[in-house]
Amino acid sequence: MTPAKYQMRLNWDDSWHMDRPHFHEDIEILLCLSDGGDFFIENELYPLHWGALFLIGEATLHKSTASDSYKRYVLHISSSTLQELSMPQSDFLACIRESGHCVLFKKEKTSELIKLFEQLEKPRNDAFGNDMQNMIVLLSLLLKVFSSFETTDRSKVVLNPDFARISPILEFIQEHLAEPLTLDIIASNCFINKYHLCHSFKAVTGFSVMEYIIHCRVLKARELLRKGMRVQEVGETVGFRNNEHFIRTFGALTGTSPKRYAKEYLAGDKC
């Protein structure tokens with residue numbers, strides 16, 4: 001078995017406001033150890049609570065904002081590692097595709113997870129068996145996390161009540177992503193004043209309407225590039241009217257060009 005590819009850290013900030021939504025190529029598991037704030041994940045908004053466990057799949061748009069001190073354990077793990085660690089009866093990647101994004105734990109179960117994160121955080125050494133012991137801890141943590149999402153009733157997950165105000169706006173954008181989308185068009189179709197649209201969207205999600213649209217278009221472009229569609233065709237399909245603008249925006253958000261991204265993925269270098 002090859003060494004597991006993951007990064008784990010304990011983050012603790014006096015205040016936290018992510019400037020813009022983002023996404024990444026790996027899977028993120030986050031255990032919140034603070035109260036106060038919100039976590040936007042793929043068109044859903046969750047309140048931040050001590051004991052809230054978040055599961056964020058690859059290329060999933062998300063952003064967190066804390067109203068006070070923000071403490072959390074964060075584990076980033078590659079999908080290739082999760083695939084290698086999966087078994088037919090315990091398929092981690094399938095669980096990500098089918099599960100929700102948040103589970104709220106009670107004190108006892110949160111304490112159990114904290115202990116596993118603490119063990120995983122300990123410096124590694126070259127002593128005999130240390131690598132195997134570390135793998136056991138990682139597997140124990142993953143099993144606790146994924147089994148919790150597997151057994152959670154999605155209807156009982158608590159969302160931020162303010163989210164209902166912008167849910168129709170998000171749905172409209174997703175359904176018309178390939179079409180020209182301006183604030184006037186969105187406001188008119190959602191029967192809302194343009195100023196109120198901008199204010200409500202920013203207040204609930206923490207970022208602007210146009211930021212959201214651009215990120216969604218780039219995420220959709222990634223999907224199409226993985227299927228082998230030509231770069232210019234992809235840009236037009238996801239709503240960019242100018243190929244140069246598409247290439248520049250894609251590079252700014254992903255760190256690579258659409259052509260290189262497609263080439264690396266199709267060559268097997270991307271998960």
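This is a predicted model: local features need pLDDT of at least 70, side-chain atom pairs count only at pLDDT 80 or more; totals for chains, interfaces and linings use all residues.

Reader: How is empty space found?

Author: Rolling a probe the size of a water molecule over the atoms shows where empty space is left. On a 1 Å grid over the protein atoms alone, a pocket is an open set of points where a 1.4 Å probe fits, with protein on both sides within 12 Å along at least five of seven lines. Lining residues have an atom within 4 Å of a point. A volume is the space filled by probe spheres set on the points.

Reader: How much space lies in the largest pocket?

Author: About 900 Å³. Its lining has 35 residues, and Glu42, Glu58, Ala59, Thr60 and Glu223 lie nearest the centre.

Reader: Which helix gives the largest share of the lining?

Author: H8, with seven residues. Helices (H or I, at least four residues) and strands (E, at least two) are DSSP runs, numbered from the N terminus. Strand S6 (52-56) and helices H1 (79-85), H2 (92-98), H5 (167-175) and H8 (209-226) each supply at least two lining residues.

Reader: What classes make up the lining?

Author: Ala, Val, Leu, Ile, Met, Phe, Trp, Tyr, Cys and Pro count as nonpolar, Asp, Glu, Lys and Arg as charged, and the others, Gly among them, as polar. The lining has 14 nonpolar, twelve polar and nine charged residues.

Reader: How do H5 and H8 pack?

Author: For H5 and H8 the angle is about 40°, and the axes are 11 Å apart. That makes the pair oblique; angles under 35 degrees count as roughly parallel, over 145 as roughly antiparallel, 65 to 115 as roughly perpendicular and the rest as oblique. Contact means heavy atoms within 4.5 Å. Here Leu170, Ile173 and Gln174 of H5 meet Val209, Tyr212, Ile213 and Cys216 of H8. That contact has six nonpolar, one polar and no charged residues.

Reader: At what angle do H8 and H11 cross?

Author: Roughly 50°, with the axes of H8 and H11 (residues 258-266) coming within 9 Å. So H8 is oblique to H11. Arg222, Leu225 and Arg226 of H8 touch Pro258, Tyr261, Ala262, Tyr265 and Leu266 of H11. By class, six are nonpolar, none polar and two charged.

Reader: And what is the angle between H3 and H4?

Author: About 150°, with the axes of H3 (residues 107-121) and H4 (residues 130-151) 9 Å apart. So H3 is roughly antiparallel to H4.

Key: Residues are numbered from 1 along each chain as its sequence is written. Side-chain values use heavy atoms; hydrogens and water are left out. Axes are lines fitted to C-alpha atoms, for helices over the stretch in contact, and angles run from 0 to 180 degrees between N-to-C directions.
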